[in-house]
Amino acid sequence: MTLDLANYPVLALANTPEGLRELPQDKLRQCADELRQYLLASVSQSSGHFASGLGTVELTVALHYVYNTPYDRVIWDVGHQAYPHKILTGRRDRMPTIRQKNGLHPFPWPAESDYDTFAVGHSSTSISAALGMAVAAHKEGAGRKVVAVIGDGAMTAGMAFEALNHGGDMDEDMVVVLNDNEMSISENVGALNSHLARLLTGSFFNSIRDGGKKLLSNVPPIKEFASRAEEHIKGMVVPGTIFEELGFNYIGPIDGHDVNGVVDTLRNMRNIKGPQILHVVTRKGKGYESAEKDPIKFHAVPKFNPKDDALPKSAPSGPTFSKIFGDWLCDMAKQDPKLMAVTPAMREGSGMVRFSQEHPSQYFDVAIAEQHSVTFAAGLAKEGQNAVVAIYSTFLQRAYDQLIHDVALQNLPVLFAVDRAGIVGADGPTHQGAFDIPFARCIPNMVIMAPSDENECRQMLYTGHKLNKPAIVRYPRGTGCGAEIKQDMQSMQIGQSRTIKQGSDIAILNFGTLLPYAIEAAEQINASVIDMRFVKPLDTEIIDELVKKHTLLVTLEDGAIAGGAGSAVGEYLMAQGRMIRLLQLGLPDEFIMQGTQQEMYQELGLDAAGILSAISKIQ
């Protein structure tokens, strides 16, 4: 895919920030308009994150125009909104490859560009990273500027407030841009606040303020009066009291789509000492009506026709595992009024929309606060409620201490529905669900289940919900294999596998949804196939039987080999003194880059051909 740059005459001159900074300021609005149209044309043909980037076009232009990037550091939070940043930093022509195997990384990635100053993918890390960089810049003494860009959603996480608390106390020179795409502002209020923002950041105002503070520093009563007067005057026109109390100078809110206003404000803020908050108000999906009306649906999009009002419908397929979970949750809530479902801001992704509508009193979205979600569920469980936490594998990492200390240590009956376990595909290394088995398997009191199909997932969720102890059901992104889903729910016997195929010499022990590959490979070499179902506790009886009748055991899992399910089998064999060859197949000791699930299974040798190849090498 190529886009004719003749349609983007100003943007064509801004392939890098250096080129952008050579433009006269009166060309920036046209540059922003062309950048938005280029983003629409590009993503509509390649797929990817969309609505967030549309909302940050003017802000991105302003940041690179005012700051000497990459020498000055701009740290994006999460990175969904960084597509315009990629376009302006020398990667315009590679945008068609974004999120694809061997293509552009879906998020800021330092190995890809010097302009990507910090690797991101999980939210609420930008202020902490920026503060560390600001301290380093201060020690360097070369005038390097540091800016963090964080959304209002990401600001709900505890880590962001920890960083603000520390940053206000450190008093380092840094700017935090709060990109608020939820609050709406009228034209009058926006214009007034833009004017005030420029005034409050201007050299005249700040010279008076700073000079006055120095002059009155030795007169405590007057100093106190002046400080309070300034606080109350600003409090009447600027809704930033909480940031001021944390030690940040608050500016805004300003219209984030007025590129010249943002440039003027940022230019003035360059000369202010200490930690600063700039509050900009933007609209997610700005400039594309369908995305403005439904920014959630247009957050990440497939290929689509910009002339259409809606995204194309996907081809008919089976239900996703997220939908399996959502349907089970609704069915279970009808039976159990004590069921309480918790999600850290992943209602749509985790398949909970229907449940939130049908059972609002049993539904809790705690915002982007994974740690809180787990301990909140622990509190529910401690008081006799049946808590279910719906969370992505990669996000559960952020609540590891809470998983151990607040749930497992007290042996509380919290069920974790761990979505996006294993290879997730296009979101790449920040989102691959590689580590949940290794980090959870070593925790006492924990039961870990890995369904191989849709029905097993439903029955395991029921099993975990009925257990009187912590339990994890891990399942992948996407659809299953088309298994019949039984509406009746029955508890499984804990730690019991099922034999799929009897063979000789070689036995494949499958953990999770790679089972079809195991069966396909086994049919070619007459191997036994066991669907292990439970990572913890293991079905040790079946392992003992397999050792007697086979010469090679092969473990297969969609997770890290190091410390994974295969390691659990190896540990058991060693403890029992069983002498048998063991081949462990799974994710290697490296971070897995982006690509489709099928592409990565093939590359990592987890499909049928890869299983057979690995076996042949040790035969």
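Predicted model: local features only at pLDDT ≥ 70, side-chain atom pairs only at ≥ 80, totals over all residues.
Ala 148, for instance, has Val 176 in β4 as its bridge partner.

## Salt bridges between separate parts

Now for the charged side chains. The structure has 27 salt bridges. One of them joins Arg 91 and Glu 112, with 2.7 Å from N to O. Arg 91 belongs to helix α5 (residues 83-91) while Glu 112 is in the loop between α5 and α6 (126-140), so this pair ties together parts 21 residues apart in sequence. Arg 91 is buried, at 4% relative accessible area, whereas Glu 112 is partly exposed, at 23%.

Another salt bridge pairs Arg 398 with Glu 370, whose closest N and O atoms are 3.7 Å apart. Arg 398 lies in the loop between α17 (393-396) and α18 (400-408), and Glu 370 in helix α16 (residues 370-382), 28 residues apart. Glu 370 is buried, with 6% relative accessibility.

## One more pair and a network

Asp 544 and Arg 578 also form a salt bridge, their closest N and O atoms being 3.2 Å apart. Asp 544 is in helix α22 (residues 540-549) and Arg 578 in the loop between α23 (565-576) and β19 (581-587), so parts 34 residues apart in sequence are tied together. Arg 578 is partly exposed, at 32%.

Finally, there's a network of salt bridges linking Asp 453, Glu 456, Arg 498, Asp 531 and Arg 533.

Definitions and conventions. Residues numbered from 1 in each chain as written. Heavy atoms only, no water. Pairing = 2+ DSSP bridges. Helix = DSSP H or I, 4+ residues; strand = E, 2+ residues; numbered from the N terminus. Salt bridge = Lys/Arg side-chain N within 4 Å of Asp/Glu carboxyl O. Buried < 20%, exposed > 50% of the residue type's maximum accessible area, 1.4 Å probe, protein only.
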